[in-house]
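Here is a set of questions and answers on a two-chain model. Look at the structure first, then read on.

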Amino acid sequence: MATRPDRGARRAQRSTLAVLRRLGPYLRPIRGALALAIVAALAANLAGLSIPLVLQRVLDGPVAQRDLGALPPLLLAILALGVAEAGLFWLRRRVLSRPITGLEQRMRADLYRHLQGLPVAFHDRWQSGQLLSRATGDLATVRRFMNFSVVFLLANTFVLVAGLLLLLWLSPALAAVQAVAVLPLVALVSVYENRYRVVARQCQDQEGDLATTVEESVLGVRVLRAFGRGPHLTRRFVGQARELRWRELRRVRLLAVLWTICVVLPELVIAGQLALGGYAVAQGAMTVGTLVAAITATSYLEWPIQSLGWMLAEANNAAAACERIWEVFDAPLSIADPERPRALAPPTRGHLRFEGVRFAHPGADGDLLRGVDLEVRPGETVALVGATGCGKTALTALVPRLHDVTGGRVLVDGVDVRELPVAELRRVVGTAFEDPVLFSASVRENVKLGVPEATDEQVWAALRVAHAAEFVAALPWGLSTRIGEQGLSLSGGQRQRLALARAVLGRPAVLVLDDPLSALDVHTEAEVEAALRQVLRDATALVVAHRPSTVRLADRVALLSGGRVVAVGTHEELSGTCREYRALMSTVDGRVDGHVDGKADGRTAGQRPDSTGNDAGEVTTR
Amino acid sequence: MSRGTTREAPQPRPPGERSDRPAGPPEPDESWRGVAAEDQDEVDHQVGARLQARSRRLLRSLLRPHTGGALLALLLVVAENVAQLTGPLLIAAAIDVGVPAALAGRPAPLTWHVGGYVGCGLAGAALRFAFLRLSGRIGQDVLLELRRRVFAHAQRLSLSFHESYTSGRMISRLTSDLSALDDLLEMGLDGLLSSALTVAGVAVLLVWLDPPLGLAVLATFVPLLLLARWFRRRSRSTYRRTRTTVARVIVQFTETMNGVRAVQAFRRERRNESIMDDLSADYRAAQQNSLLLVARFTASVRLVGNLTMVVVLAVGAWRVAHGQLELGLLAAFLLYLRKLYDPLDELAMVANAYSAAVAALEKISGVLEETPSVPEPAHPVPLPDPRGELRFSGVEFRYGEQGPLVLPPLDLHVPAGQTVALVGATGAGKSTLAKLVARFYDPIAGAVTLDGVDLRSVSDADLRRAVVMVTQESFLFEGTVADNIALGRPDASRAEIEEAATAVGAHEFVSALPDGYDTDVRKRGGRLSAGQRQLVAFARAFLAGPRVLVLDEATSSLDLPSERAVQAAMERVLADRTALIIAHRLSTVLVADRVLVMADGRIVEDGPPADLVAGRGRFARLHRAWLDSLAPTTS
């Protein structure tokens, strides 16, 4: 199996703090709010602790002395403290609600922006569910941590330190008992925290895998239905969900251990203090009052210590989530603007040239393209022909830099495409893919895509060129009709025509069309062809073709085989001289001319593939 | 399949708009979405109550099998509380009895008390440990069960449901909505059991200590319940909004990532960012509302608690002053009062998690209550050895309830073993016909039969063994090439998989991949060309070896040699099988035994290709146009 970059394969041994420290830039703008929240939490704590003290005063004073006259001011004081406590409760949440949700929003926006900038090769390798789970579940984990745990982690630490100082003032010996107990706690917790983070990470990864299966089950539902494999995938999903349950239970077990340690240690401290203090009192070295005060102080510290275990677990959850998010941020934007971008000299002529172009998919053994040399002169149309999987699509993807060459270079008007600003390059180069992707948006939006400045007239012009204007006009809301998955569904031919309209919008100087006519039926194909011919007259075009009819749009044909362009010429020339080309372009009976009369051809077809297979073999073994 | 309702057509975007992100808060301009049916996420208020009842029902049914476990958990919590409450008593005894005894030279009582305290602490910790593990297991079991239910149910639901529900929303149901329940289960059981227990225990104790004061304290439960009701009402719509907005974020996210090639090639990144900013801002606003609501709720609960304390103190002091109450009793009462309100905070948080989970469960239970419109037969007619004879008798069909009739009454008989090509313009009804044979939908009138058996009476397993459909979109799943081919028949051996691949001419390219058949296809087969993906899809179908094969534009991306290989394989492997082929290439059509030309859902021409070519109908015209398109190559 290939390595999975989206699972935590190479787990860096960075500390939780180091991982979380990278949140710094997101925290900086909200540090004021965070500080205020911590202060509010501490003040609420203080108010909460003062209430019993005042209560004591009330009970010992006015009530015990049956002096109700002194009661009202003290009652008012308790009332004020009670209202203050509730108000501070509210304030802590109120003050964080906006900044914290904003933090999540900003992180998501940055993640989204980064992901959009990452090259196609990255997206091929990462399961989409893994990306989705980072953008939703992991970010929510971080948000929850910031909203609650961070505040109390800091506030409770403060309380803990203050409590220890108080203890020290009361009795250094009893404080030593507390401190001695806290040390193993820190050690134990840190051991468990590391293990906890590993398991938390595994849970999050597993959730990402689950999300991937969910996505596939939904997007591939037609295939699953056609083969009746719903139960099959359900079994796989349940298997993964069981695995997740198992990992979650491991996480729960670690958490339970952690929690138990944090619960039991303060109890042991109190027992120790009781034993030591009792002994000291017996020896006359300590008063009973001091012992009671010390134990009371220690019991106040019980909750901060206990919650510390929980909060640290949350911190590790958040650190594991952050780690997953940083992995995406750390993926380099390998296809980006050059440092010193060059500009194309206007007017753009659209001279396209491949020089010794080599290309390999990342992680692949050999090169897919092994030195392609090809020139498409301004205004010329070249058809790219070759067997399935020979690298035609890869070659076309190199022009708008969806992939980068691994050797050689691609030039537009004499400038290496890697030296141009990416947006500029993609403005000059118009593209249409084999499978046209439609977004759930209006027709207008789907045609304009990244060219928001295009006017409706321009959209209609592009639609007319692609012979799509007629059916778009017939849609219930015309250009505003929502199409794509959440809207009206279109036929394959209609989708392909919209993809063409998209490519020709804005009249790019270079057109790269990947089998633009594959899903069109005979009638529509003839119409689109006629329109395309018009467009191609003004633009330089590289057109991947599987059919003679598409080839006829081109001035010249280039045959791609074995990772190289092995022949260039007109259709007639190649038909006459090149066996491989003939084999590729011949219709059912293997002849280039398409005279077909019924069944006889079908029977001979059975023998043909073998001979064409040999042809292809000759070329690739060279 | 328009689900269109009327909505005002939005104004087009001003043409001069820049793609840069605006400096200020983004204007929520949604016109890019285009016009379609109203989002089904919005519910009116009457429906809301029904939705809540539905989601509570689901929650109950999920928890019912764990009644025993929950009781055991309760027992553990009770025992733990007892152990914890004993601790302070032992400390008091140690100071009151142990220390004086030690002063008197008898250290044994102090030792016993300290030992007892340690024992209580350890027992409490052990009980807590057991409780955490037990409640964790219950929570995870419930989640697993819910995941299994929703996933399996979604797989049973018909395509028409999936098409109208759309993938992004389904994904958010199965991912982020489930997480909301996760939160409730993680904190809920713990918080609920121990807090409810404490509140109940303390309440009883208070009434026992001093009935008048205790009843007065219980009276404060009235404002608390009113608060809780207010919170439930408000949080219902707030959390519903959260679920809806996060689903939109997920939809936008998955669409972008699945179409990232188009996004980059057409420089849609900036535009997408501003769209995502808007959606994310909506989500954030919903989240912020829920946080503010929680802030108000928990603070109010605390305020009620503190006010109660002041009132109790005032009344208590007055009564003590008048000799109606012991001072010590009042002190104890006040201490316990504090213990009553502390867990109420916890209960407020549980109520919050519960509200969030109920909002998510509303959406999930909506999916679960959906009945498949193409249901499994209750009493299936077995099809042990299908021959592949198809018959349409009086079949009518429309998409959706109000859609136009796509197929008017249609009669068609396809004898077993015949290869039938369907020809016609877009929208003529070819794909519909094919989908009815594959039972993606059921006809609204008439019946489609296989070997004389109505497809509605055939079990899904039998039907899929007999009929397989290959569509234009050749979706590849995560895994290796071999895994993907084996989807046709999961129990196939490697030799059989390779045989199927060889039959359709895919063996050559598969062998050339880095790990051959074990090569990871990467996301959606991103590394394979569209043609290669179609070959894998074909290999799947051949491996399945159905009696009836339905091909819907399944060869559109193949080059001619591949198409020939596929055709040859079809001739060989499926010579005696029934095939229904929709193709745009006449070369594919011409090898069929019979051609059906369709227009407006009707069959307008029917006959062997040679006969139709010789005639004067549409097919003959189509054929001439095709020959013309090839003509220049012969010149």
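**Chain A: record and fold**

UniProt, in an unreviewed entry, places the feature "domain: ABC transmembrane type-1" at residues 35–317 of chain A. The model shown is predicted.

Q: How much of residues 35–317 of chain A is helix?
A: The strand share of this span is 0%. Its end C-alpha atoms are 22 Å apart. The helix share of residues 35–317 of chain A is 93%.

Q: What is the distance between the end C-alpha atoms of residues 148–169 of chain A?
A: The UniProt annotation "transmembrane region", from an unreviewed entry, covers several spans of chain A, including 74–91 and 148–169. Residues 74–91 are 100% helix, with end C-alpha atoms 25 Å apart. Residues 148–169 are also 100% helix and 0% strand. Their end C-alpha atoms lie apart by 31 Å.

Q: How many helices and strands are there in chain A, and what is its radius of gyration?
A: Chain A has 22 helices and ten strands. For its 622 residues the globule rule gives 25 Å, and the chain is well over that, so chain A is more spread out than a compact globule. The radius of gyration of chain A is 36 Å.

Q: What share of the residues of chain A count as buried?
A: The C-alpha trace spans about 115 × 55 × 50 Å along the principal axes. A residue is buried if 20 or more other C-beta atoms lie within 10 Å of its own. Of the 622 residues of chain A, the buried share is 56%.

**Strands of chain A**

Q: Which residue takes a positive phi in the hairpin of E4(A) and E5(A)?
A: E4(A) pairs with strand E5 (residues 415–416) of chain A over two bridges, in the antiparallel sense. A:Leu411 stands opposite A:Asp416 in E5(A). Two residues lie between the strands of this hairpin. The positive phi, near 50°, belongs to A:Asp413.

**Chain B**

Q: What is the radius of gyration of chain B?
A: Chain B has 20 helices and ten strands. The globule rule gives 26 Å for 635 residues, and chain B is well over it, so the chain is more spread out than a compact globule. Its C-alpha atoms fill a box of roughly 120 × 60 × 50 Å along the principal axes. The radius of gyration of chain B is 35 Å.

Q: What share of the contacts in chain B join residues at least 24 apart in sequence?
A: Buried residues make up 51% of the 635 residues in chain B. The contacts counted here are between residues at least 6 apart in sequence. The share that joins residues at least 24 apart is 78%.

Q: What is the helix share of residues 215–231 of chain B?
A: UniProt places the feature "transmembrane region", in an unreviewed entry, at spans of chain B including 191–209 and 215–231. Residues 191–209 are 100% helix, and their end C-alpha atoms lie 26 Å apart. For residues 215–231 the end C-alpha atoms are 25 Å apart. The helix share of residues 215–231 is 94%.

Q: Which helix packs on the open sheet of chain B?
A: Four strands form this sheet in the order E2-E1-E4-E5, with antiparallel pairing. Its edge strands are E2 (405–414) and E5 (453–454) of chain B. The helix in question touches E1, E2 and strand E4 (445–450) of chain B, and its direction makes about 120° with that of E1(B). It is helix H11 (residues 430–437) of chain B.

Q: What is the bridge partner of B:Phe392?
A: Strand E1 (residues 390–398) of chain B pairs with E2(B) over six antiparallel bridges. In E2(B), the partner of B:Phe392 is B:Leu412.

Q: Why does B:Arg270 count as partly exposed?
A: B:Arg270 sits in helix H9 (residues 269–321) of chain B. It has 17 C-beta neighbours inside 10 Å. Buried needs 20 or more, and exposed means 12 or fewer. With that count, B:Arg270 is partly exposed.

**Between the chains**

Q: Which element gives the most to the side of chain B that touches chain A?
A: In chain B, 173 residues are in contact with 177 residues of chain A. The element asked for gives 30 residues. It is H9(B).

Q: How many residues on the side of chain B that touches chain A are nonpolar?
A: The charged residues there number 34. The polar ones number 48. The nonpolar residues number 91.

Definitions and conventions: Residues are numbered from 1 along each chain as its sequence is written. Chains are lettered from A and ligands numbered from 1 in the order in which they are written. This is a predicted model: local features need pLDDT of at least 70, side-chain atom pairs count only at pLDDT 80 or more; totals for chains, interfaces and linings use all residues. Two strands pair if DSSP finds at least two bridges between them. Two residues are in contact if their C-beta atoms, placed from the backbone, lie within 7 Å. Axes are lines fitted to C-alpha atoms, for helices over the stretch in contact, and angles run from 0 to 180 degrees between N-to-C directions. Ala, Val, Leu, Ile, Met, Phe, Trp, Tyr, Cys and Pro count as nonpolar, Asp, Glu, Lys and Arg as charged, and the others, Gly among them, as polar. UniProt positions are given in the numbering used here, feature names are shortened, and annotations may be inferred rather than shown by experiment. The radius of gyration is taken over C-alpha atoms; the globule rule is 2.2 Å times the number of residues to the power 0.38.
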